[in-house]
Amino acid sequence: MKILRKILCVSAAVLAVCIAAALLFLKLGAMPVSSVDNADEKRFEVPAGTSARKIAKDLKESGLIRSELIFYLGARFPFFRSVLLGSREPFSLKSGVYKISGSMSILQIYRALSSGQQEFIRVSVPEGLTVSKIALKLENTGVCEAEDFKESCRDVSLLEKYHIPAESFEGYLFPDTYFLTPSMSGSAVVSIMADTFFEKTASVPGLSELSPEKLNDVVILASIVEREYRIDEEAPLIASVFKNRLEHNIGLYSCATIEYIITEIEGREHPDVITYDDIAIDSPYNTYKWAGLPPGAISNPGIVALNAAVHPADTNYYYFRIVDSSKGKHVFSKNFSTHISEGYISNTKKTGN
């Protein structure tokens with residue numbers, strides 16, 4: 001019996017030492033990686049549907065926690081949170097983007113990742129902007145690098161994913177207010193804006209039923225209408241002028257396409273006037289020189305222009321010109337003689353938005 005008691009006492013002592021050592025190991029593993037109070041913060045993303053085990057692995061690989069196992073156990077089991085961290089706070093992992101520092105304890109990281117409080121950058125993209133102008137806005141606000149965004153807009157695999165039969169996402173970046181996060185990839189931002197395009201345009205009657213090729217034609221036409229109209233009610237009328245011209249193989253004669261060539265293709269400053277030399281530029285986007293639609297969109301249109309392009313007014317108009325530049329009001333004509341008699345504005349000046 002004495003021997004048995006000794007064995008039990010030794011076993012109990014060994015067990016106590018083991019438990020103490022294990023608790024010490026766990027406690028040390030739960031401590032912050034850095035002892036510096038203001039250690040550098042890192043952008044840490046929690047995608048929707050990500051498991052606690054995967055987050056633990058990513059945090060460890062990012063150098064933000066000491067132990068992947070300890071983080072997982074504490075996140076998964078309330079008992080471990082209570083024993084290790086002395087906290088009975090519930091932990092509910094919320095997707096988003098967070099700033100995590102190596103000086104944060106595991107408990108602080110739990111609180112951050114379950115708070116849902118993220119750092120957002122509000123970016124407003126108005127109708128009619130081009131890819132390059134959106135890229136500059138994104139870079140200036142710290143969302144992503146302009147060149148990365150522009151390259152992503154030309155990414156063939158990304159275009160195929162969205163079934164876009166074009167060389168660029170120009171026209172498919174929906175104008176809206178976005179809440180983005182710092183240092184995103186260009187492809188992530190393009191995907192968000194393209195997703196928004198297809199979500200928003202689902203409300204335009206007849207648009208979602210179009211084949212990718214037909215939709216692309218509508219987007220190109222809408223991108224021109226977007227740059228020409230200023231009064232909502234006139235958008236379907238302007239679209240009708242272009243539709244009538246397309247049906248009769250007449251050039252669109254849109255100054256907006258010339259401006260696109262000058263500013264986006266040739267990289268020159270925005271012109272105050274369109275000259276005869278400008279309308280003679282040899283480019284497939286020159287709607288003064290070539291009939292039909294240009295090969296791609298010239299801006300990113302909003303709902304008004306898209307709706308006008310898919311549902312143009314039923315008119316006999318073939319011409320329009322601006323009569324009130326301060327309000328953006330146009331007058332529409334059925335023939336060239338009326339167009340002239342009502343006060344023809346020379347092609348050397350801008351006739352559209």
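The questions below set some values against their definitions.

This is a predicted model, in which local features need pLDDT of at least 70, side-chain atom pairs count only at pLDDT 80 or more, and totals for chains, interfaces and linings use all residues. Residues are numbered from 1 along each chain as its sequence is written, and side-chain values use heavy atoms, with hydrogens and water left out.

Q: Why are α10 and α11 called oblique to each other?
A: The axes of α10 (residues 212-228) and α11 (residues 235-247) cross at roughly 125° and come within 10 Å. Angles under 35 degrees count as roughly parallel, over 145 as roughly antiparallel, 65 to 115 as roughly perpendicular and the rest as oblique, and α10 and α11 are therefore oblique.

Q: Which residues of α10 and α11 meet?
A: Leu 221, Ile 224, Val 225 and Glu 228 of α10 meet Ala 235, Ile 238, Ala 239 and Phe 242 of α11, where contact means heavy atoms within 4.5 Å.

Q: What makes β5 and β6 a pair of strands?
A: Two strands pair if DSSP finds at least two bridges between them, and five bridges join β5 (residues 319-324) to β6 (residues 329-333), with the strands running antiparallel. Phe 320 stands opposite Phe 332 in β6.

How values were computed:
Axes fitted to C-alpha atoms, helices over the stretch in contact; angles between N-to-C directions. Helix = DSSP H or I, 4+ residues; strand = E, 2+ residues; numbered from the N terminus.
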